Amino acid sequence: MRPVLFRLRGVPLHSYPAFLFIGLTLGVIAGTYAGVARGLPQDRLYAALVLLIIPALVGSRLLYALTHWRVYRENPGLLWARDSGGAALYGGLLLALLCSWPLLRLLSMPIGEFWDAATITLLVGMVFTKIGCLLNGCCAGRETTGWLGMDCSNARGVRARRMPSQLLECGLAATLLLGAVIWTERPFGGALFLALVAIYGAARLPLGATREHLDPLGRVNIYGVISITLVVVSAAVFGLVWWTGRS
């Protein structure tokens, strides 16, 4: 579509990293505002959100590279190329979750309330990043002749009528973000995070079927496995914490 937004004095500004930066910046601002409104300390919350961007980006790139290992095995220099797309949300979420435990203990912040705020950051970031994906051609939809198709290119520049996978996921993120803003009476800290992770994981299964490639790991649809696991685990933890709180 438009992998290069424009050139400034001959230097190209690529769509994907540009919209990723916009999404992260606005996401941190929105997440900080949401967390402060719930009583979290602004300085420590902001610091934690910014610091966890690092493992989120690394994890996203590593999981993507793992599902495209043949490409990066032959061209390892492409792994950290800044002018290309290629990131897997699940990888970033899992690594950021793991790294958040020691960080939040150090900052004396409740993990549940923090991840409720971080959920806002994630959703805002997804809205803008998926627009970058559409312009860059990554995460392209499969070809279709149906009414939902639109004329766009994949990452190789092959133009065809495709399912608008990136816009569908962008719409999902926007819908979940609206739900997060409306749902103010939550039963416990972390309820928002657990609920939206479960909903996103469930929605990701049919959305994955709209993509041109499912990016399997070997013969396994790794994203499908992660989606199902997140749905089951998030729903189970939500139910357990909610039931325990009522007892």
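Colleague: Which helix is Leu240 found in?

Modeller: Quick housekeeping: this is a predicted model, where local features need pLDDT of at least 70, side-chain atom pairs count only at pLDDT 80 or more, and totals for chains, interfaces and linings use all residues. Residues are numbered from 1 along each chain as its sequence is written, and side-chain values use heavy atoms, with hydrogens and water left out. Helices (H or I, at least four residues) and strands (E, at least two) are DSSP runs, numbered from the N terminus. On that numbering, Leu240 sits in helix H8.

Colleague: Is Leu240 buried or exposed?

Modeller: Buried means under 20% relative accessible area, exposed means over 50%, and partly exposed is in between (1.4 Å probe, protein chains only). Leu240 has 56% relative accessibility, so it counts as exposed.

Colleague: Which helix gives the most to the nonpolar patch?

Modeller: Patches are made of residues with over 30% relative accessible area and no salt bridge; like charges are joined within 9 Å, nonpolar side chains (Val, Leu, Ile, Met, Phe, Trp, Tyr) within 5 Å. Here Leu205, Ile228, Val232, Val233, Val237, Leu240 and Val241 form one on the surface, together about 570 Å² of accessible area (Shrake-Rupley method, 1.4 Å probe, with only the protein chains shown counting as cover for residues). The top contributor, with six residues, is H8.

Colleague: What is Met109 in contact with, leaving aside its neighbours within four places in sequence?

Modeller: Contact means heavy atoms within 4.5 Å. Met109 is among the residues with the most contacts inside the core. Leaving aside those sequence neighbours, its partners are Leu40, Arg44, Leu45, Leu104 and Phe114.

Colleague: Is Arg44 buried, exposed or partly exposed?

Modeller: Arg44 has its place in helix H2, and beyond four places in sequence it is in contact with Leu107, Ser108 and Met109. Its relative accessibility is 32%, so Arg44 counts as partly exposed.

Colleague: What span does helix H1 reach from its first C-alpha to its last?

Modeller: H1 covers residues 15-37, 23 residues in total. The expected span of a helix is 1.5 Å times one less than its number of residues. H1 comes out close to the expected value, reaching 33 Å.

Colleague: What covers the buried residues of H1?

Modeller: The buried residues in H1 include Tyr16, Phe19, Gly23, Gly27 and Gly31. Thr129 in helix H5 is in contact with Tyr16, Phe19 and Leu20, and Thr129 is itself buried, at 12% relative accessible area. The cover includes strand E1 (4-8), strand E2 (11-14), H2 and H5.

Colleague: Which residues are linked in a network of salt bridges?

Modeller: A salt bridge is a side-chain nitrogen of Lys or Arg within 4 Å of a carboxyl oxygen of Asp or Glu, and the structure holds seven. Glu169 pairs with Lys130 at 3.6 Å between the closest N and O atoms; Glu169 lies in H6 and Lys130 in H5, so the pair ties together parts 39 residues apart in sequence. Glu169 also bridges to Arg211 at 3.1 Å, and both of these residues are buried. The network links Lys130, Glu169, Arg204 and Arg211.

Colleague: Where do Glu212 and Arg162 lie in the chain?

Modeller: Their side chains meet in a salt bridge at 3.1 Å, N to O. Glu212 is partly exposed at 25% relative accessibility, whereas Arg162 is buried at 0%. The two are 50 residues apart, with Glu212 in the loop between H7 and H8 and Arg162 in strand E4 (residues 159-162).

Colleague: Which residues does Pro187 touch, not counting those up to four places away in sequence?

Modeller: Pro187 has its place in the loop between H6 and H7 and is partly exposed, with a relative accessible area of 43%. The residues it touches are Phe238 and Trp242.

Methods: Core = buried A, V, L, I, M, F, W, Y, C linked by side-chain atoms within 4.5 Å.
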